[in-house]
Amino acid sequence: MLLTWKPPMEISVIWVVGFCVLMVAHGAQASSHESSRNLQETDQPYRTGYHFQPPKNWMNDPNGPMYYKGVYHLFYQYNPYGAVWGNIVWAHSVSYDLVNWVHIDHAIYPTQPSDINGCWSGSTTILPGEKPAILYTGIDTKNHQVQNLAVPKNLSDPLLREWIKSPYNPLMTPIDGIDPDLYRDPTTAWQGPDKIWRVIVGSQIDGHGRAILYRSKDFVNWTRIDSPLHSSGKTEMWECPDFFPVSTRSTNGVDTSSQDKYTKHVLKASFNHHDYYILGSYKPANDNFSVETNFMDSGMDLRYDYGKFYASKTFFDRAMNRRILWGWINESDSESDDIKKGWSGLQSIPRTILLSKTGKQLVQWPIKEIEKLRFKNLSFHDKKLKSGSVLEVPGITASQADVEVSFELPNLEDAEILDPSWTDPQLLCSQKKASVRGKLGPFGLLAFATKNLTEQTAIYFRIFRSNHNYIVLMCSDQSRSSVREELDKTTYGAFIDMDPRHENITLRSLIDHSIVESFGGEGRACITARVYPKLAIHEQAYLFAFNNGTSNVKISRLNAWSMKNAQIVSTKNRRKPQL
């Protein structure tokens with residue numbers, strides 16, 4: 001359990017003493033680098049090495065991650081009894097670096113009439129006096145969705161191993177036209193200058209997505225406000241909403257309750273299998289949220305991720321003054337495959353999230369701590385990538401890698417003209433796959449590739465001209481990712497808000513056995529893919545840079561690293577959930 005990252009002294013003491021006591025007292029079972037690797041090399045080629053996932057069974061939404069007394073906490077939806085959805089509890093894992101984790105006892109499981117049929121998603125809030133609180137959706141005896149409260153039993157325990165439910169549960173119920181089946185996922189609460197707490201709950205009323213707003217003076221008695229914080233006539237149910245400020249002049253994150261005038265607010269909602277967000281100005285005096293653009297108002301809808309990424313949650317990391325985003329990455333194979341594997345679902349790499357320099361969108365980047373897993377580096381510079389060429393990136397573990405590459409385009413005049421009807425980037429990528437030659441592009445990376453390229457997952461760019469502007473298209477093509485049939489091999493796409501005349505086109509891809517998280521244009525567009533190669537696994541997986549365009553491009557720099565496994569420790573549950 002020795003880590004290369006050196007935490008402050010007080011955290012080091014907790015790590016050494018607290019975790020040792022925890023492991024001894026609860027019969028810890030270490031899933032180490034070696035044991036995880038052995039598992040993958042036998043019958044689990046798709047289990048990840050450095051992404052977060054529990055040892056077995058179903059996992060979905062991240063629930064209110066937070067930082068408390070030197071410890072990061074991740075709660076998540078979990079089925080203790082199988083690899084399919086059901087019997088949902090709040091599982092709980094802790095870390096000192098967001099990379100290496102200890103699985104501890106479940107935090108919340110069905111015990112009350114207000115949650116007896118399931119403890120669904122919610123969020124954490126740090127109340128004054130450093131007191132964490134959880135608001136979560138419970139499924140009651142009538143199978144109605146209601147909102148509940150839980151607080152730690154012992155605030156002096158930095159691991160927060162035991163939670164007590166409020167005797168006043170449920171605190172919020174579906175009345176006044178709210179469909180009891182469409183009323184869930186309370187956000188992290190925020191406090192206005194009037195010291196009154198606000199929280200929103202996702203819903204659908206009259207067929208339209210809504211963020212229902214509540215206020216409370218004591219965090220127990222909540223009053224519904226007549227007008228929602230925001231609603232949309234172009235979407236249906238809003239799941240897992242999130243609402244938080246971002247700074248307009250700093251790269252630091254800001255606390256959820258911040259009222260700084262140098263902020264914009266982000267409203268995110270999960271629908272249509274994606275996480276969409278909008279930017280706007282929020283005035284707490286009247287709880288007015290004035291948006292810059294609305295959901296689904298144009299073909300350039302803002303998303304956190306244009307691939308497999310859903311039900312995300314952010315939190316403010318006060319230790320590092322940053323806002324961190326987690327997202328649930330579900331499977332692309334079948335339920336029978338999940339049962340055979342014995343697990344389903346994982347979490348994205350935690351990402352820092354900021355407002356872009358233009359102020360028009362958010363940018364994301366993997367947390368810095370993940371870089372301590374890097375080893376066995378390969379790098380080269382100023383390498384010409386001729387038309388039709390494929391260049392192997394050798395000497396690293398291609399099935400578990402971190403790759404950064406920067407492309408320089410010497411002849412932008414060669415870019416093909418963008419047809420005005422090409423407004424949907426995903427449709428455009430599906431029509432112009434990696435095998436379809438263009439002028440400037442496709443060029444990029446081939447991950448999880450066999451030596452002969454029978455299998456490959458292509459992450460690439462194409463450049464188009466539109467009047468006097470240039471358009472950068474980023475694609476993730478899974479169509480040849482596996483010779484296996486009956487897999488979801490959707491091709492994803494996004495336009496990147498950048499001008500290739502003034503900056504190189506960059507790509508970073510985190511590759512981990514069955515997932516590729518890709519960040520284009522320094523994090524202005526993100527695409528996550530789940531793939532299950534049959535041939536390109538373990539040492540038979542290769543990584544290539546490629547250029548299938550008719551014009552040459554140049555790799556100005558490429559850095560690639562093999563990635564170590566994250567360290568995972570599991571503890572035996574002292575309490576078995578009573579379902």
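**Group meeting: a predicted protein chain**

Among contacts in this protein chain between residues at least 6 apart in sequence, 66% join residues at least 24 apart. Please bear in mind throughout that the model is predicted.

Let me begin with the overall architecture. The protein chain contains four helices and 39 strands. Its radius of gyration is 24 Å, close to the 25 Å that the globule rule gives for 579 residues, so the chain is as compact as a globular protein of that length. The C-alpha trace spans about 70 × 55 × 45 Å along its principal axes. Of the 579 residues, 62% are buried. The chain exposes about 22,600 Å², and carbon and sulfur atoms supply 50% of that area. As for charge, there are 63 positive and 61 negative side chains, with the centres of the two sets 4 Å apart.

Q145 is buried because its relative accessibility of 5% falls under the 20% cut-off. Which backbone atom does the side chain of Q145 reach? It is the backbone nitrogen of Y183, at 2.9 Å. Leaving aside neighbours within four places in sequence, Q145 is in contact with W120, T137, G138, I139, P174, P180, D181, L182, Y183 and R184. The C-alpha atoms of Q145 and Q347, which are 202 residues apart along the chain, are separated by 25 Å.

M172 sits in the loop between strand 9, residues 163–165, and strand 10. With a relative accessibility of 2%, M172 counts as buried. Not counting residues up to four places away in sequence, M172 touches L135, V146, Q147, Y183, V199, V201, Y214 and W222. Between the C-alpha atoms of M172 and D419, 247 residues apart along the chain, the separation is 50 Å.

P170 is found in the loop between strand 9 and strand 10. The peptide bond from N169 to P170 is cis, with omega near -5 degrees. A cis peptide bond also joins G441 and P442, where omega is about 10 degrees. P442 lies in the loop between helix 4, residues 425–431, and strand 30, residues 443–449.

The next residue is T188, in the loop between strand 10 (183–184) and strand 11 (190–191). T188 is buried, its relative accessible area being 12%. A polar atom of the T188 side chain lies 3.0 Å from the backbone oxygen of T124. Apart from neighbours within four places in sequence, T188 is in contact with S123, T124, T125 and T256.

Finally, some remarks on backbone geometry. Most residues other than glycine have a negative phi, and most peptide bonds are trans. N467, although not a glycine, has a positive phi of about 60 degrees. N467 is found in the loop between strand 31 (457–466) and strand 32 (469–477). H513 is not a glycine either, and has a positive phi of about 70 degrees. The loop that holds H513 runs between strand 34 (505–512) and strand 35 (515–520).

Is N467 buried or exposed? N467 is exposed, because its relative accessible area of 73% is over the 50% cut-off. H513, by contrast, is buried, with a relative accessible area of 6%.

Definitions and conventions: Residues are numbered from 1 along each chain as its sequence is written. This is a predicted model: local features need pLDDT of at least 70, side-chain atom pairs count only at pLDDT 80 or more; totals for chains, interfaces and linings use all residues. Side-chain values use heavy atoms; hydrogens and water are left out. Helices (H or I, at least four residues) and strands (E, at least two) are DSSP runs, numbered from the N terminus. The radius of gyration is taken over C-alpha atoms; the globule rule is 2.2 Å times the number of residues to the power 0.38. Buried means under 20% relative accessible area, exposed over 50%, partly exposed in between (1.4 Å probe, protein chains only). Contact means heavy atoms within 4.5 Å. Accessible areas come from the Shrake-Rupley method with a 1.4 Å probe; for residues, only the protein chains shown count as cover. Lys and Arg count as positive and Asp and Glu as negative; His and the chain ends are not counted. The place of a charge is taken as NZ of Lys, CZ of Arg, CG of Asp or CD of Glu. A polar contact is a pair of N or O atoms within 3.5 Å; within protein, one must be able to donate a hydrogen and the other to accept it, and residues adjacent in sequence count only if both atoms are side-chain atoms.
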